Amino acid sequence: MTRQYIEYDKVSLFEKIDKISIDRVGNQVITKFGNNVISTAKVSKRYEVFDIKSYLRSKIDMIEKNFKISEYFFYVKKGVQELILLSDEVEINEMRFQKSFFILNSSDRSRKLNFNIGLFSKTNNIYIIKNIGLSKKHLNGVTEIAEESIKNINDEVFSEQIDMMRSLVGHKVLLSNIKKIIVNDPDVNVNHMKFDSFKNYFLNRYCLHEDQLKILKAPSKDLNTDNNDFYLDAFSVFYTYMKLFSDQDSHVIRRETEKISEITQFAIRNQILDSLLS
């Protein structure tokens, strides 16, 4: 899904949000946008309708207290509602990112209610997303949990994410460790597909030695690094992997951010590596 951001106008955004209506009729949840029914879903007795309209309004007000919102993306399709807000800029490894807020909800049981924060580079079309305490199914009590979970957001919530990315600059990580993280379960075929996609994107983007190219071109299931291991730039690895998911839903980007962030435990500073290899 390609996201088209538009200049932030609170009045205009609230008018769009107010078009959402979600009602329960017996064992069905009916979602409308304006006068149009866009989703009808059967639900159990435990299902709780969440007032996403009021929630979005209140969180926008809360975010505005500490951040200057510049652009937004608002998406309503069938039973999914998503809002992304872009705000203040930060520079990491000479790349400009915007502090961003992601609220994802569904009224058709296809998504949990999520509130995530992250960073977005418009120039490079890359998202890095972290959950800050709200990822709940629409079961009894979800409204109370949502209201109590996040009452204030300031710059500190971004510190861990920014520090993690900056810690990768000037470091390298072994290919074997990258594979260990991405293919965390060798029996799951999709993990090998992700690693192959990562390798293909990386070798087409960065200059590598002939022998390194040959190794990276090997299919994930056949790639053996026991005698062919080598180091790659840690920040480039992180960037390349996350680039694969730029057009995915925010909950997918969050999951993959958490996965690839594990490379920090294997990253070695360039100067230390040079001394070890000299």
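These entries record what I looked up in a predicted model of a single chain.

**Overall form.** I began with the secondary structure and found ten helices and twelve strands in the chain. I then took the extent of the C-alpha trace, which spans about 70 × 40 × 30 Å along its principal axes. For contacts between residues at least 6 apart in sequence, I noted that 64% join residues at least 24 apart.

**Surface and burial.** I looked up the accessible surface of the chain, which comes to about 14100 Å². Carbon and sulfur atoms account for 45% of that surface. Of the 278 residues in the chain, 47% are buried.

**Helix α5.** I asked how the helix at residues 175-182 is placed, enclosed or open. Seven of its eight residues are buried, so α5 is largely enclosed by the rest of the structure. I listed these buried residues as Leu175, Ser176, Asn177, Ile178, Lys179, Ile181 and Ile182. Next I checked what covers them: the cover includes the strands β10 (171-174) and β11 (231-233). It also includes the helices α6 (189-205), α7 (210-216), α8 (234-243) and α9 (250-260).

**Charges.** I compared the mean positions of the 41 positive and 38 negative charges of the chain and found them 6 Å apart. I then looked for a positive surface patch and found one formed by Arg46, Lys112, Lys136 and Lys137. Of its members I followed Arg46, which lies in the loop between β4 (36-42) and α2 (52-64). Arg46 counts as exposed because its relative accessible area is 53%, and the cut-off for exposed is over 50%.

Definitions and conventions. Residues numbered from 1 in each chain as written. Predicted model: local features only at pLDDT ≥ 70, side-chain atom pairs only at ≥ 80, totals over all residues. Heavy atoms only, no water. Patch = residues over 30% accessible without salt bridge, like charges linked within 9 Å, V, L, I, M, F, W, Y side chains within 5 Å. Areas by Shrake-Rupley, 256 points an atom, 1.4 Å probe, with all protein chains shown as cover. Salt bridge = Lys/Arg side-chain N within 4 Å of Asp/Glu carboxyl O. Lys, Arg positive; Asp, Glu negative; His and termini not counted. Charge placed at Lys NZ, Arg CZ, Asp CG, Glu CD. Helix = DSSP H or I, 4+ residues; strand = E, 2+ residues; numbered from the N terminus. Buried < 20%, exposed > 50% of the residue type's maximum accessible area, 1.4 Å probe, protein only. Contact = heavy atoms within 4.5 Å.
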